[in-house]
Amino acid sequence: MEFSSGTDEPVSAEVVSIANALSLPAESYGNDPDIEMAWAMRAMQHAEVYYKLISSVDPQFLKLTKVDDQIYSEFREHFEKLKIDVLDPEELKSDSAKEKWRPFCLKFSGIVEDYNYGTLLRLDCSQGYTEENTIFAPRIQFFAIEIARNREGYNKAVYSSVHDEGRVKGINGAEDGRKKGSDSGGEEKVENGTHSRGEDDEGVTREGEKEN
């Protein structure tokens with residue numbers, strides 16, 4: 001699987017390596033519980049990398065495959081009204097849904113590598129990969145839905161929540177710093193990117209001149 005950003009921001013070799021971890025379809029493992037567990041762990045690694053990616057890079061800039069445009073165009077042509085922010089499992093797993101998805105998936109045989117391999121897919125795109133929020137889906141189904149979520153702005157909720165939390169922490173840290181300065185007896189002012197603190201700064205004003 002290829003993950004890249006539409007910006008100049010590089011994607012690490014570790015991300016690429018783990019993103020390519022799914023090397024065999026689940027059905028090829030038979031019923032060996034140890035091998036099934038290993039496959040499930042690889043699928044989870046892939047999911048963790050993808051979630052980290054949409055948390056750190058604005059999803060609208062992400063490119064998941066070399067044929068994102070084709071996947072998105074075909075997807076919305078076949079599933080114009082499919083609700084993708086919160087998926088209904090019946091729209092993916094019921095017998096009637098499988099019949100509708102099958103021709104779409106087969107179109108990408110030989111175009112998308114490992115198009116039918118099992119991949120973890122989130123039901124609610126604003127949430128992470130929890131047991132309740134995750135189902136298995138063919139890789140091309142994952143691509144179709146996640147590309148659409150990225151392009152239509154639904155995955156922005158994940159990116160925004162992470163960065164909003166970071167800004168709140170930064171603001172709280174600044175407030176804590178000002179409080180400590182006030183408690184130490186110095187008056188702190190922040191204005192135009194500069195500051196002054198009474199006696200703690202030896203009487204230096206914002207203009208850099210000592211008070212008389």
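The model is predicted: local features need pLDDT of at least 70, side-chain atom pairs count only at pLDDT 80 or more, and totals for chains, interfaces and linings use all residues. Residues are numbered from 1 along each chain as its sequence is written, and side-chain values use heavy atoms, with hydrogens and water left out.

**Strands**

β3 (residues 118–122) and β4 (residues 134–138) run antiparallel and are joined by five bridges; two strands pair if DSSP finds at least two bridges between them. Helices (H or I, at least four residues) and strands (E, at least two) are DSSP runs, numbered from the N terminus. Five of the five residues of β3 are buried, so the strand is largely enclosed by the rest of the structure. Buried means under 20% relative accessible area, exposed over 50%, and partly exposed in between (1.4 Å probe, protein chains only). G118, L120 and R122 point one way from β3, while T119 and L121 point the other way.

**Helix packing**

The two helix pairs are listed below, with axes fitted as lines to C-alpha atoms over the stretch in contact and angles running from 0 to 180 degrees between N-to-C directions.

| Pair | Angle | Axis distance |
|---|---|---|
| α3 and α5 | about 155 degrees | 11 Å apart |
| α5 and α6 | roughly 90 degrees | within 10 Å |

α3 and α5 are therefore roughly antiparallel (over 145 degrees; under 35 would count as roughly parallel). Their contact (heavy atoms within 4.5 Å) is made by I71, E74, F75 and H78 of α3 and K100, W101 and F104 of α5. These residues divide into four nonpolar, one polar and two charged. Ala, Val, Leu, Ile, Met, Phe, Trp, Tyr, Cys and Pro count as nonpolar, Asp, Glu, Lys and Arg as charged, and the others, Gly among them, as polar.

α5 and α6 are therefore roughly perpendicular (65 to 115 degrees; the remaining angles count as oblique). The contact is made by W101, F104 and C105 of α5 and I140, Q141, A144 and I145 of α6. By class, this contact has six nonpolar, one polar and no charged residues.

The buried residues of α3 are D68, I71, E74, F75 and R76. Their cover includes β2 (62–63), α5 and α6 (139–151).

**V86**

V86 lies in the loop between α3 and α4 (90–93). At 38% relative accessibility, V86 counts as partly exposed. Not counting residues up to four places away in sequence, V86 touches L123 and D124. V86 and C125 are 39 residues apart in sequence and 6.3 Å apart in space, C-alpha to C-alpha.
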